[in-house]
Amino acid sequence: MDSYNLTYKQYGERAILIEWSTKIEENILKDIINYKNKIVYYNIKVIVEVINTYNSLTIIYSSTIDNIYNEITTLKSIYQESFEQNLLKNYYWNIPVCYDEKFGLDLQEISKSNQVPIDEIIELHSGAIYTVFFIGFLPGFLYLGGLPERLNFARRSVPRLIVEKGAVGIGGSQTGVYPMQSAGGWNIIGNTPISLFNVSKENPCFAKSGDKIKFVPVSLEEYKQVEAKIEIGFYNIENKLIHD
Amino acid sequence: MIKVLSSGFYTTVQDQGRHGYGELGVPGSGAMDLYSSQLANHILRNRENDALLEITLGKCKLIFEKQNIICISGANLSPTINGSIAPMNTAIIINMGDILNFDKPVFGIRCYLAIRGGFQTEVVLKSRSFYKGITSQFQVQKGDVIPAIETSESLNRSLSSIKVDQEHFTTSVIEVYKGPEYDLLNKRAKEKLNKINFTISKENSRMGYRLEEPIDNKLGSMLTSSVLPGTIQLTPSGKLIILMRDCQVTGGYPRILQLTEKSVNRLSQKSTGDVFSIRIVPLN
């Protein structure tokens, strides 16, 4: 197993920040997920949250850390434990997206600026397989890796005050879905009728770090059908288990 | 049961926060001034996580539909019950029909109204703390009926009045630790942080406080990483943002300082135009 050179810093009274090198890489993601799973497995009662980002894990404790060296030593030894149990399974998710101009507010602009016909934007965007790195910014906002370079497009200099729930956007070299209506600076290319975040579910967000996402183009008509099915609770997001 | 006759500038239901969902991007929320909110519950011998009302800046009027016991802590927003001055930081018996009014701030800006047994609003993701997109309401509105447990208890079970250290509200020094990216700052920036006074701009809320005075830097933004309430971010423009309880779980600006827990509580009682200096204290 690869072992990375990690730094450990105390972050305020109650948190420890563990950092990998500043890169966006699937191998680092795997290492982070592995480490996180081990920490969760050991079920240390005083640990309240384990939050991962591209290159870090933040461990939040229930109260002030009395002895930082003891805690860091414990965490380091957990990292060294070999642990083949893959407790949490990862999935491929097919997310329906309607790229119709009704939803794709900024498709024209991206097309003109990047010199890519709209059809090709849709083909490229829906052709890629995206990796879920982590969730942040908003409840259920997935940070996805894998946007084709030709679709890179800078964030809007003036963010929109209202971006619709389900809006699929491009911001710089990133793509993602707004899980709820919010202000936003990303360029909108479509909309998905599915809910990225649902408080009434036992697991409010179906996706997690390490999962893969594919956007499946659907027509306006199909979009409405999926919307109707979701309303009556008759829609399950197509998914497939990822085998190692 | 409390009926809201006038909602005030910004009133929400808060408890100790929504914990355990940060990995899904859910903010911690919870009372801004945990010291004052915990004090109110403690005086009533409530459970620590019993929900209270967080009343900001005043102009809030409530009528009690049943008998109960309350405690008012935190900012002094000129509370009166049926027109008479209500004592703070002590248990008060409330009778059916009593009207509790909050008018103008005398000191502090966030006041906590605790009630015996806590307010019984909906629990979403293990917390009653209001948050837009999580709880069905994100702000208390005129006409709302806020459920509570009726009680005809006497005051025997509650603690007698507790004297609060006024420094909590009057201090002009905010203690901080060095943040994860503190060492990226050049010498001049570090000196400026230590030396100057900072003013809270009018852009301040439960999500964060923006400060007026910029710190010149060439740091730019960084790879998105996690942030905590109390984290001070340095934006490329030089302006500082102090993240507070409703802040997002991740952010892309350098985290140069981190407020102590006590400082987050104290800053919560400050508002637009307030001035303070920063003192870096060692971690352990």
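This note sets out numbered points on a predicted model with chains A and B.

1. Conventions. In this predicted model, local features require pLDDT of at least 70 and side-chain atom pairs count only at pLDDT 80 or more, while totals for chains, interfaces and linings use all residues. Residues are numbered from 1 along each chain as its sequence is written, chains are lettered from A and ligands numbered from 1 in the order in which they are written, and side-chain values use heavy atoms, with hydrogens and water left out.

2. Secondary structure. Chain A holds 5 helices and 14 strands, and chain B holds 4 helices and 20 strands. These elements are DSSP runs numbered from the N terminus, with helices (H or I) of at least four residues and strands (E) of at least two.

3. Overall dimensions. For the 244 residues of chain A, a compact globule would have a radius of gyration near 18 Å, and the value of 20 Å for chain A agrees with this. For the 284 residues of chain B the expectation is near 19 Å, and the 20 Å of chain B likewise agrees. The radius is taken over C-alpha atoms, and the globule rule is 2.2 Å times the number of residues to the power 0.38. Along the principal axes, the C-alpha trace of chain A spans about 55 × 40 × 35 Å, and the C-alpha atoms of chain B fill a box of roughly 60 × 35 × 35 Å.

4. Burial and surface. In chain A, 51% of the 244 residues count as buried; in chain B, 57% of the 284 residues do. Buried means under 20% relative accessible area, exposed means over 50%, and partly exposed lies in between (1.4 Å probe, protein chains only). The accessible surface of chain A is about 12300 Å², with 49% belonging to carbon and sulfur atoms. For chain B the surface comes to about 11700 Å², with 50% from carbon and sulfur atoms. These areas come from the Shrake-Rupley method with a 1.4 Å probe; for residues, only the protein chains shown count as cover.

5. Contacts across the sequence. Among contacts between residues at least 6 apart in sequence, 65% in chain A join residues at least 24 apart. The corresponding share in chain B is 75%. A contact here means heavy atoms within 4.5 Å.

6. Chain A carries 23 positive and 28 negative side chains, and the centres of the two sets lie 1 Å apart. In chain B, the mean positions of 33 positive and 26 negative charges are 3 Å apart. Lys and Arg count as positive and Asp and Glu as negative, without His or the chain ends; each charge is placed at NZ of Lys, CZ of Arg, CG of Asp or CD of Glu.

7. Salt bridges in chain A. The whole structure contains 20 salt bridges over all chains, each defined as a side-chain nitrogen of Lys or Arg within 4 Å of a carboxyl oxygen of Asp or Glu. A:Arg156 and A:Asp106 form one at 2.9 Å, N to O. A:Arg156 lies in the loop between strand 7 (142-145) and strand 8 (160-163) of chain A, and A:Asp106 in the loop between strand 5 (91-97) and helix 3 (107-114), so the pair ties together parts that are 50 residues apart in sequence. A:Asp106 is buried at 2% relative accessible area, whereas A:Arg156 is partly exposed at 25%.

8. Salt bridges involving chain B. B:Glu191 and B:Lys187 meet at 3.9 Å, N to O. They are 4 residues apart in helix 3 (residues 187-195) of chain B, which means that about one helical turn separates them. B:Lys187 is exposed at 65% relative accessibility, and B:Glu191 is partly exposed at 41%. A network of salt bridges also links A:Lys9, A:Glu19, B:Glu181 and B:Arg255.

9. The loop at B:Pro147. This residue is found in the loop between strand 11 (145-146) and helix 2 (167-170) of chain B. B:Pro147 and B:Lys3 are 144 residues apart in sequence and 8.8 Å apart in space, C-alpha to C-alpha. Apart from neighbours within four places in sequence, B:Pro147 is in contact with B:Met1, B:Phe119, B:Gln120 and B:Thr121.

10. Backbone angles to inspect. A:Phe137 has a phi near 65°, a positive value in a residue other than glycine, and lies in the loop between strand 6 (130-135) and strand 7 of chain A. B:Lys126, also not a glycine, has a positive phi of about 65°; B:Lys126 is in the loop between strand 10 (107-115) and strand 11 of chain B. A:Phe137 is partly exposed at 21% relative accessibility, and B:Lys126 is exposed at 62%.
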